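This report describes a protein model in terms of its domains, nonpolar cores, chain contact and salt bridges.

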Amino acid sequence: MSGLGLADVSCTIESGQFTAIVGKTGSGKSTMVKHINALLKPTSGTITVGDHQITPETDNKNLKPLRKKVGMVFQFPESQLFEDTVEKDIMFGPKNFGFTEAEAKAAAEKMIEVVGLGPEYLKKSPFDLSGGQMRRVAIAGVLASDPETIILDEPTAGLDPVGRKEIMDLFKAQQQKGKTIILITHNMDDVANYADKLMVMHDSRLVGLGTPQEIFNDHELLEKNYISLPQSAIFAEKLADKGFTFSKLPITISELTAEIKEQIHGD
Amino acid sequence: MDKLIIGRYLPGDSLIYRLDPRLKFLITFYFIGIVFLANNVASYAFLLVFVLFAVYVSKVNLLFFIKGLRPMFWLILFTVALQAFFTPSNDPIWHWAFLTLSKDGLVIAAYIFMRFVLIIFISTLLTLTTTPIEISDSIESILKPLKVVKFPVTQVALMLSIALRFVPLLIDETTKIMDAQRARGVDFGEGGLIKRIKAFVPILIPLFVSSFSIAYDLAIAMESRGYKDGEGRSKYRVLNWSKRDNWTIVFMVLVTAILLLLRSYR
């Protein structure tokens, strides 16, 4: 590997799509997404985000317009909170990106609702909140700058199932408003339920790119990269052993139930 | 960030590496003490030979020691210049306003320079060949007699080793938080001094908060594994005093004797 963090990663992520990135720990997922908003710069090659180009020569200055476009929710984002009220913390990003005080305030009021907390939370200290609520505040703080692309690095790690679904639905809703979503995850059900495209990373390389349906049908690729199937697909494979037949591999619960219904009624 | 790491231990194996860390620790301080006994060319030359011999025995590349001088460069230059230009003399080589350059001044400046080199080399030798954890174990062992006066030796040693353990952890945490705030539009190293200092508030507060929570978690983890300070704790890393440590002491006594001898020649 000669110490390269990433090698041979060439791909296009389309605007407005929900792209998931999977791969085992240390495969280079986080390293790759940090290049998209120039937290890291390539040693060779280029990254193009809209009309911004990032090359090895890119200057560390004047990156703000790019970083405004590309919002990033890190793993355990609650560790980035620092202001004395939730409102100020959410306003921090927008103000750095040139929003006026009033605009930032309006963004905070809007975003606290979007993440499912009431306006009564705005005046609280973020350090008085529960872990899950802090996570939501941190996400609101990133969304408040109105980025065109949102990068999510395991945003639901450590959340309860209900909270997890709410957060994922929230990102899906952002996509429907026209945002591009890039999600790093280890949860294949999230991939099946939410993603349009799936990228597979292994040993700092991009080894697979396609729709979740295509990737989950590529058994060799999955096995080589230690990627499991979504629960529905595992269930379907067990049913197939018992004589069920599926027109295509069901990867979500609704696809699975639809196919089963047909076959039960068919008998 | 890499430059901040305390005690840049260099893995290796040689006589110096195998010496008891307590002995190395004490000899280092002892040597720093006797450096001030040197008072003429012969004694300084002798100490330099001793240090170079120690470096040779350690099998560590001399370049690492020269690099160790670099962070002290300005301090050395300043002190040496001060000695060279401000030593009063009846026989100046060069004189301008309050600056005087004389033979005596130059000699004293050269001695001061030698002291810096000797002290930095010997302490670099200690940190290069001794892991931070060995140093903290040594401090615990050396401070043990203080238990008589109720000094909390084990606690202090534990604090030292935890602090050392936390350095890389906190560096990781800092990098992570800096990235997160950069992504939210903070630009470190932009604007005036006040603005730059202000840019560190969003790092320091989260760092504080997470240090407390890590410390809290660590305390719980230690207690749940039965940690209890005080008497009767056995040690995972046992310090062993061996014959070569005795021989080293004999050698140091000889070095001191020769130094005292050279000192008396004027």
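Domain bounds, as used here, come from an automatic or database domain assignment. For chain B that assignment gives domain 1 (2-130 + 240-264) and domain 2 (143-224). The centres of domain 1 of chain B and domain 2 of chain B, taken over C-alpha atoms, are separated by 33 Å. The model is predicted, and local features are reported where pLDDT is at least 70.

**Nonpolar cores**

The largest nonpolar core has 52 residues. Those that touch the most other members are A:Phe18, A:Ile90, A:Ile139, A:Phe171, A:Val191 and A:Phe216. Helix H5 (residues 131-143) of chain A gives the most to this core, contributing 7 residues. Because domain 1 (18-212) and domain 2 (229-267) of chain A both give residues to the core, it lies between them.

A:Phe171 shows how such contacts are made up. With neighbours within four places in sequence left aside, A:Phe171 is in contact with A:Phe18, A:Ile139, A:Leu152, A:Pro155 and A:Ile181. Another core, of 35 residues, lies apart from this one and includes B:Ile27, B:Val60, B:Ile76 and B:Ile112.

**Contact between the chains**

The size of an interface is often given as the accessible area lost when the parts come together. Chain B and chain A bury about 1700 Å² between them, with 59% of it on carbon and sulfur atoms. Chain B puts 18 residues into the contact and chain A puts in 21 residues.

Between chain B and chain A there are 2 salt bridges. A:Lys34 and B:Asp179 meet through their side chains in a salt bridge, at 3.4 Å from N to O. Across the interface of chain B and chain A, 6 residue pairs are in polar contact, with both residues at pLDDT 80 or more. On the side of chain B that touches chain A, helix H8 (153-183) and helix H10 (201-224) of chain B each supply at least two residues. H8(B) gives the most to that side, with 8 residues.

**Salt bridges**

Over all chains the count comes to 18 salt bridges.

| Pair | N to O distance |
|---|---|
| A:Arg205 and A:Asp8 | 3.9 Å |
| A:Asp84 and A:Lys88 | 3.1 Å |
| A:Glu87 and A:Lys123 | 2.5 Å |

In the pair formed by A:Arg205 and A:Asp8, A:Arg205 lies in strand E8 (residues 205-210) of chain A and A:Asp8 in the segment before strand E1 (18-22) of chain A, so the pair ties together parts that are 197 residues apart in sequence. A:Arg205 is partly exposed at 36% relative accessibility, and A:Asp8 is exposed, with a relative accessible area of 58%.

In the salt bridge between A:Asp84 and A:Lys88, A:Asp84 is partly exposed, with a relative accessible area of 47%. A:Lys88 also counts as partly exposed, at 40% relative accessibility.

For A:Glu87 and A:Lys123, what parts of chain A does the pair tie together? A:Glu87 lies in helix H3 (residues 86-96) of chain A, while A:Lys123 lies in the loop between helix H4 (101-114) and H5 of chain A, so the parts tied together are 36 residues apart in sequence. A:Glu87 is buried at 5% relative accessibility, whereas A:Lys123 is exposed at 59%.

Salt bridges that share partners also join A:Lys34, B:Asp179 and B:Arg182 into one network.

Conventions. Residues are numbered from 1 along each chain as its sequence is written. Chains are lettered from A and ligands numbered from 1 in the order in which they are written. Side-chain values use heavy atoms; hydrogens and water are left out. A nonpolar core is a set of buried Ala, Val, Leu, Ile, Met, Phe, Trp, Tyr and Cys residues joined through side-chain atoms within 4.5 Å. Buried means under 20% relative accessible area, exposed over 50%, partly exposed in between (1.4 Å probe, protein chains only). Helices (H or I, at least four residues) and strands (E, at least two) are DSSP runs, numbered from the N terminus. Contact means heavy atoms within 4.5 Å. Buried area is the accessible area (1.4 Å probe) that two parts lose on being put together, summed over both. A salt bridge is a side-chain nitrogen of Lys or Arg within 4 Å of a carboxyl oxygen of Asp or Glu. A polar contact is a pair of N or O atoms within 3.5 Å; within protein, one must be able to donate a hydrogen and the other to accept it, and residues adjacent in sequence count only if both atoms are side-chain atoms.
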